[in-house]
Amino acid sequence: METLASSQGPDRVTLQCQGWGKSEGCVCLPGSKSVAARALIMSFIYDYLYNINVDLRGLPLCDDTVELNEAVKLLQQWKVTGNEFTYDLGSGGTSLRFFLALVASIPDFRGAITCSEAMRRRPMRPLLDALRMAGANIKGENAPYIVSGRQLDNREIRVESNLSSQFESALAMASLLWKHPFRNNVSTGVSRPYVEMTNAVITAFSHAAANNRLSGGFVYNIEKDWSAASYFYEFALICPEREIILPGLKGSPCSLQGDVACRDIFARLGVKSVETVGADNSVITLKGIKSEIDSIKRNSEIIKINLENTPDLVPALAVGLCLADIKFEFDGVGHLRFKESDRIESITGELAKIGFVIESSDKKMAWRGKTTEARNCKNPVFDSHNDHRIAMALAVAAPCFHSVTINGAGAINKSFPDFISSISNLGIEAV
């Protein structure tokens, strides 16, 4: 069997704030990897079912998307040759879950699905149980999975989404190949906007295909990533009065991403943003308003935010609020323990290195103003915990110190390979 391998990035980066950047704070964000993952799965389904070619534009060049894209290309080879391959989805939780559900639903498919060691520690049981309930032939309780595809069908499937919405999204797309589409009977779960995103992408593909049947194809554009934008809102919070320009980023209600809530959440904290919509593009311009941020800081009231539906915003918010000296309490964050790292533990440990005492429980984490002597440190050395979101949130802390060093910075390639060069436009330089 042929095998795909994933890439690696630099392991250690030291960053210093050298003054305002050369491009007036203009940052090019990557495409949304969440939208891209759904679009890649849907593009294969439409080719497989209807011979409709989908031209995906704006695919991010991050590890997760590249690995899923390569796996889909290899699946196209299987479609032509019928050969068995091993498909390596690397460390992408979304990629692995979506791809496994897809191939298990394709009659006559044969192949092995594998992933990184880190991904093998993340939850898969709810998805495996649901697929097997629908009749899937998947051997193995952990990767590599040996899959013999078949047409599935079960209208009574239940999948618990309290660990990840990706299980439900995986089934919703793959079931377009089933005798009857999947409809989850469980209404509760975390990260519900990601399920809504899936449904929106499915609908968009259906409408585009209906309008382009005679041409045999259509273009689907991947919007810019709001999760990536959160680190620049974080920067605006800790370095107010500096204008940052994010071209191509869509605001609500045009964006499919739940993390568009980033804009409103940071607005509560004194970071204001304006959207300018043009004929072919949109631009978000944001800036921290120092007087508002200082007023919130002086207020003894703790800022309370429920982040159950937007877990990817937690690292940027936690680091940004601490460095802005704004006390906070986050609710609905228990499922952060099952991400690339245990993000509650990772954030708590890394912020402790710079003197912030974070409290946490099953569903909450908070900083209530308690600090230690480490608050006065000059050149902290952080660990990414092999987690891209932890690495990026800590990198943006550089203006608050003489320098910061990130061990395991290569994890950034998972979602935003150009992040280090992008923050140079904010005056944060690798040295």
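This is a predicted model: local features need pLDDT of at least 70, side-chain atom pairs count only at pLDDT 80 or more; totals for chains, interfaces and linings use all residues.
This is a short talk on the fold of one protein chain and a few of its residues.

Good morning. Let's start with the whole chain.

How many helices and strands are there in the chain? There are 14 helices and 17 strands. The radius of gyration is 22 Å, close to the 22 Å that the globule rule gives for 431 residues, so the chain is as compact as a globular protein of that length. Along the principal axes, the C-alpha atoms fill a box of roughly 60 × 45 × 40 Å.

Of the 431 residues, 57% count as buried. The chain exposes about 17,400 Å². Carbon and sulfur atoms supply 46% of that area. The chain has 46 positive and 48 negative charges, and their mean positions are 2 Å apart.

What about contacts along the sequence? Take the pairs in contact that are at least 6 apart in sequence. Of these contacts, 76% join residues at least 24 apart.

Next, helix α1. This helix covers residues 33-50, and D47 is in it. Is D47 buried or exposed? D47 is buried, because its relative accessible area is 17% and the cut-off for buried is under 20%. Its side chain makes a polar contact of 3.3 Å with the side chain of Q76. Beyond its neighbours within four places in sequence, D47 touches I52, Q76 and K79.

S43 sits in helix α1 too. S43 counts as buried, at 12% relative accessibility. Where does its side chain reach? The side chain of S43 comes to 2.7 Å from the backbone oxygen of L40. Setting aside neighbours within four places, S43 is in contact with V54, L56 and F205.

Follow the chain out of α1. N51 lies in the loop between α1 and β2, which is 53-57. N51 is exposed, with a relative accessible area of 59%. N51 has a positive phi of about 55°, and it is not a glycine. Why point that out? Because most residues other than glycine have a negative phi.

D108 is another such case. It has a positive phi of about 75° and is not a glycine. D108 lies in the loop between α3 (93-104) and β4 (110-114). At 62% relative accessibility, D108 is exposed.

On to strand β7, residues 217-221, where we find G217. G217 is buried, at 16% relative accessible area. G217 and N53 are 164 residues apart in sequence. In space, their C-alpha atoms are 4.4 Å apart. Leaving out neighbours within four places, G217 is in contact with I52, N53 and N212.

Now helix α9, residues 261-268. Which of its residues are buried? They are C262, R263, I265 and F266. What covers them? The cover includes two helices, α8 (226-238) and α11 (314-323). It also includes the strands β9 (271-277), β10 (282-288) and β11 (303-306). Just after α9, G270 takes a positive phi of about 105°.

Last topic: peptide bonds. Most peptide bonds are trans. The bond from A143 to P144 is cis, with omega near 5°. P144 is in the loop between β5 (137-139) and β6 (145-148). The bond joining S252 and P253 is also cis, with omega about 10°. P253 is in the loop between β8 (244-247) and α9.

That's the tour. Thank you.

Key. Residues are numbered from 1 along each chain as its sequence is written. Side-chain values use heavy atoms; hydrogens and water are left out. Helices (H or I, at least four residues) and strands (E, at least two) are DSSP runs, numbered from the N terminus. The radius of gyration is taken over C-alpha atoms; the globule rule is 2.2 Å times the number of residues to the power 0.38. Buried means under 20% relative accessible area, exposed over 50%, partly exposed in between (1.4 Å probe, protein chains only). Contact means heavy atoms within 4.5 Å. Accessible areas come from the Shrake-Rupley method with a 1.4 Å probe; for residues, only the protein chains shown count as cover. Lys and Arg count as positive and Asp and Glu as negative; His and the chain ends are not counted. The place of a charge is taken as NZ of Lys, CZ of Arg, CG of Asp or CD of Glu. A polar contact is a pair of N or O atoms within 3.5 Å; within protein, one must be able to donate a hydrogen and the other to accept it, and residues adjacent in sequence count only if both atoms are side-chain atoms.
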